[in-house]
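Please read this briefing alongside the sequence and the coordinates, which are shown directly below.

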Amino acid sequence: MNILSRQSRGVIPIVPTPFDDEGRVDLASIPKLIAYYQACGVIGLTILGVMGEASKLTQGETEDVVETFVSHAKGRLPVIVGVSGTSLAASAALALWSQERGAFGVMLQAMSGLQGDDALVTYFEMFAERTQKQCPICVQDYPVSSGVHMSVAAWRRIAKLESVFMLKHEPPAGLQKLSQIRASEKEGACPRIAILTSNNAMHLSQELDRGADGAMVGVAYTDLIVLICRLYAEGQVEKALDIYDAVLPLIRHESQGAFGLAIRKEILRRRGVLRTGHV
């Protein structure tokens, strides 16, 4: 099993939480999910993200999901646990609990309401302190969800935290920001960090052109996203673009706001990965 680091390249999917038709968490389907993603060629898994419907789970369901994913993925794929929430203390507690059970690290976005670079940087500094600076952090920059703008200047400071190993870069119209971050690294203003992008892979080819290391997306066709990123890394850009152009209609079909998750789960059901498409 490859250990994730600041040099990681590839695809880490945002994994859906499976439910049965009655809305109960379907823990029995998790091993099949893991096998599917491993066959796709991913380098890790992220659970309890937006596609994982983390905000809809009880504390007990959250713990069951974490323990089941981590235990079945052990030795196969590193697991990143989404711990974002409205309480720094609760996020840090879930991070430590998950790591004790074998999770590789966590994905954390800024808590809603933070304003200004200093407040944003302090939030991640305090999280690192509360987790003894031993819990690897993938910083999620998703202002559509958090309502918090992360400036390039703030990122330069956050990237210097030893715990931070990855950036999930998904601000809308974020191509210029991605280029600015890579330029800052070349100038020595901050260390190089692995950057995986999202936005439903809508701008994946442009993001790879600007220095992204891969994707961290919640889609129903992870195998194709892995193939596109691998071909880019191998220098077969034209072939990657041909595949990307072919899959763009599906990317748009899945990106239908509140309906997107239901569409993705139904596609995964039809592909035999999930037993139900229940959201």
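This is a predicted model: local features need pLDDT of at least 70, side-chain atom pairs count only at pLDDT 80 or more; totals for chains, interfaces and linings use all residues.

Residues are numbered from 1 along each chain as its sequence is written, and side-chain values use heavy atoms, with hydrogens and water left out. Helices (H or I, at least four residues) and strands (E, at least two) are DSSP runs numbered from the N terminus.

**The sheet**

- An open sheet is formed by 8 strands in the order S1-S8-S7-S6-S5-S4-S3-S2, with parallel pairing, where two strands pair if DSSP finds at least two bridges between them.
- Its edge strands are S1 and S2 (45-47), each of which pairs on one side only.
- Strand S7 (residues 194-197) runs parallel to S8 and is joined to it by 2 bridges, with Thr197 standing opposite Ala215 of S8.

- Strand S5 (residues 137-141) is mostly covered, since 5 of its 5 residues are buried, where buried means under 20% relative accessible area, exposed over 50% and partly exposed in between (1.4 Å probe, protein chains only).
- Both faces of S5 are covered, with Ile137, Val139 and Asp141 buried on one side and Cys138 and Gln140 buried on the other.
- Strand S4 (residues 105-109) pairs with S5 in the parallel sense over 4 bridges, and the bridge partner of Val106 in S5 is Ile137.
- S5 is also joined to strand S6 (residues 164-169) by 5 bridges, again in parallel, and here Asp141 has His169 of S6 as its bridge partner.
- S4, helix H4 (residues 117-130) and S5 make a right-handed β-α-β unit; right-handed means that, with the strands pointing away from the viewer, the path from the first strand over the helix to the second runs clockwise.

**Helix H9**

- Helix H9 (residues 222-233) has 12 residues and reaches 16 Å from its first C-alpha to its last, close to the 16 Å expected at 1.5 Å a residue, a span taken as 1.5 Å times one less than the number of residues.
- The buried residues of H9 include Ile225, Cys229 and Tyr232, and what covers the buried residues of this helix includes strand S1 (10-11), helix H1 (30-40) and helix H10 (237-254).
- Just after H9, Gly235 takes a positive phi of about 85°.

**Two arginines**

- Arg182, in helix H7 (residues 175-186), is buried with a relative accessible area of 9%, and a polar atom of its side chain lies 2.9 Å from the backbone oxygen of Ile193.
- Arg182 touches residues including Arg192, Ile195 and Asp213, not counting residues up to four places away in sequence, contact being heavy atoms within 4.5 Å.

**Cysteines**

- The structure holds 0 disulfides, a disulfide being a pair of cysteine sulfur atoms within 2.5 Å.
- Cys138 is buried at 0% relative accessibility, and its sulfur is too far for a bond because the closest cysteine sulfur, in Cys135, is 11 Å away.
- Cys190 is buried with a relative accessible area of 6%, and its sulfur is 16 Å from the closest cysteine sulfur, in Cys138, which is too far for a bond.

Note on methods:
A polar contact is a pair of N or O atoms within 3.5 Å; within protein, one must be able to donate a hydrogen and the other to accept it, and residues adjacent in sequence count only if both atoms are side-chain atoms.
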